[in-house]
Amino acid sequence: MKKSRINLQTRNSLLLLLTALVWGVAFVAQRQGGASAGPYTFNCIRSFLGGLVLLPVIPFLDRYTAGKKPQSKEERRRLSLGGALCGLILFVASSLQQMGMYYGTTAGKAGFLTACYILPVPVLGIFLRRKCRWNVWVSIPVAVVGLYFLCLTDGLSFQFSDVLVLLCAVCFSVHIMVVDHFSPLVDGVRMACIQFFVCGAWGMIPMIGVEIPRMGPAAWLQSLGSIDVWIPILYAGFISCGVGYTLQIVGQNGVNPAIASLLMSLESVFSVLAGMVILHETMTGREVLGCVLVFAAVIFAQLQFGSSRQQDKSVHTENIG
């Protein structure tokens with residue numbers, strides 16, 4: 001049983017690492033797509049695309065894997081509630097993030113401020129009886145320092161757009177805790193699918209009520225007529241949403257939320273590495289130091305100290321169905 005639990009945690013940690021990779025590459029797409037189509041339009045379309053890409057996946061998994069298809073009214077209610085809550089929180093968080101970048105926060109600073117969700121997660125976890133080992137508490141400030149060196153090259157100064165992104169980080173920390181609660185109880189792919197459609201439905205309200213009237217219907221349609229807009233939208237919808245957030249929901253099952261947040265904070269590291277590989281950018285010594293600190297913090301947080309009983313108490317290990 002213990003070996004099975006450890007294998008589950010290892011597998012899901014790798015899924016969260018893959019999530020960070022997907023999200024890291026998505027930062028450039030988000031900034032380009034949001035600037036061209038408008039932040040609400042970008043989020044609305046990408047969310048619906050994320051839901052659509054999962055629709056054919058659900059019956060496939062039901063047929064060929066042992067999924068968690070809801071059987072009772074209570075299970076369907078729990079699934080709907082989890083998806084609706086995650087979708088609402090994701091809408092608020094992604095809207096704040098897109099608005100922050102739209103009004104001037106650079107991609108690097110947005111990556112740093114968003115990744116600050118690693119700070120509230122263990123604090124929120126205390127109220128939900130999610131204890132952290134001492135090495136996790138040590139790893140969190142080390143990771144924040146590393147993210148600072150990695151993302152911020154001109155020092156830390158705040159403007160209104162940065163505050164929006166910082167609020168987005170708080171929302172993402174709440175999202176992580178909600179996912180932590182529901183992921184062991186429901187089918188992760190179904191919850192992700194509901195989440196995206198709920199997020200997209202909420203996104204239609206400001207898109208129709210604010211963005212289209214502000215731009216004008218003709219100009220709004222024209223903004224969606226370029227391939228340069230649809231490339232980032234398609235990546236953000238199919239890959240960042242459809243793949244990334246689904247991996248998050250599945251991967252968080254059985255992983256302490258504080259450790260999960262540290263693993264996902266590697267998205268900032270992967271965004272810089274992706275820039276090197278795809279855009280042939282170079283890394284400064286400051287950025288290299290930042291990467292080393294974040295990687296060291298993540299690895300240190302994974303180490304096991306103390307007795308087996310102490311470890312078992314500190315890790316959230318609800319059974320997967």
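Biologist: What share of the 321 residues in the protein is buried?

Modeller: In this predicted model, buried residues make up 52% of the 321 residues.

Biologist: How do you know which residues account for the contacts with a separation of 6 or more?

Modeller: A contact requires heavy atoms within 4.5 Å, and of the contacts in the protein with a separation of 6 or more, 91% are accounted for by residues 24 or more positions apart.

Biologist: How many aromatic pairs does a search of the whole structure find, and why is the pair of W23 and Y245 called tilted?

Modeller: The search finds 4 aromatic pairs. The ring centres of W23 and Y245 lie 4.8 Å apart and their planes stand at 50°; rings pair when their centres lie within 6.5 Å, while planes under 30 degrees apart count as stacked and those over 60 as edge-to-face, so the pair of W23 and Y245 falls into the remaining class and is tilted.

Biologist: What makes this pair a tie between parts that are apart in sequence?

Modeller: W23 belongs to helix 1 (residues 2-37), whereas Y245 belongs to helix 11 (residues 227-251), so the pair ties together parts that are 222 residues apart in sequence.

Biologist: Why does W23 count as buried, and on what value is Y245 placed in its class?

Modeller: Buried means under 20% relative accessible area; W23 has 9% and therefore counts as buried, and Y245, with a relative accessible area of 7%, is therefore buried. W23 and Y245 also form one aromatic cluster with F196.

Biologist: Which class of aromatic pair do F48 and F197 form, and are these two residues buried or partly exposed?

Modeller: F48 and F197 form a tilted pair, with 6.1 Å from centre to centre and 50° between the planes. This pair links distant parts of the chain, since F48 is in helix 2 (residues 39-54) and F197 is in helix 9 (residues 188-215), 149 residues apart. Partly exposed covers the range between the buried limit of 20% and the exposed limit of 50%, so F48, with a relative accessible area of 25%, is partly exposed, and F197, at 26%, therefore counts as partly exposed.

Biologist: How many cavities of 30 Å³ or more does the structure hold, and what lines the second largest cavity?

Modeller: The structure holds 2 cavities of 30 Å³ or more, and the second largest cavity has a volume of about 40 Å³. Its lining consists of N43, R46, S47, L90, S94, C199, C241 and Y245, which by class gives 4 nonpolar, 3 polar and 1 charged residues. Helix 2, helix 4 (73-102) and helix 11 each supply at least two residues of this lining, and the largest share, 3 residues, comes from helix 2.

Biologist: Why is C241 called buried, and with which residues is C241 in contact, leaving aside its neighbours within four places in sequence?

Modeller: C241 lies in helix 11 and has a relative accessible area of 2%; the limit for buried is under 20%, so C241 is buried. Leaving aside neighbours within four places in sequence, C241 is in contact with R46, G50, F196, A236 and T246. C241 and L49 are 192 residues apart in sequence, yet their C-alpha atoms are 8.0 Å apart in space.

How values were computed:
Residues are numbered from 1 along each chain as its sequence is written. This is a predicted model: local features need pLDDT of at least 70, side-chain atom pairs count only at pLDDT 80 or more; totals for chains, interfaces and linings use all residues. Side-chain values use heavy atoms; hydrogens and water are left out. Buried means under 20% relative accessible area, exposed over 50%, partly exposed in between (1.4 Å probe, protein chains only). Rings of Phe, Tyr and Trp (its six-membered ring) pair if their centres lie within 6.5 Å; planes under 30 degrees apart count as stacked, over 60 as edge-to-face and the rest as tilted. Helices (H or I, at least four residues) and strands (E, at least two) are DSSP runs, numbered from the N terminus. On a 1 Å grid over the protein atoms alone, a cavity is a set of points where a 1.4 Å probe fits but cannot get out, and a pocket is an open set with protein on both sides within 12 Å along at least five of seven lines; lining residues have an atom within 4 Å of a point. Grid points are joined across faces, edges and corners, and a volume is the space filled by probe spheres set on the points. Ala, Val, Leu, Ile, Met, Phe, Trp, Tyr, Cys and Pro count as nonpolar, Asp, Glu, Lys and Arg as charged, and the others, Gly among them, as polar.
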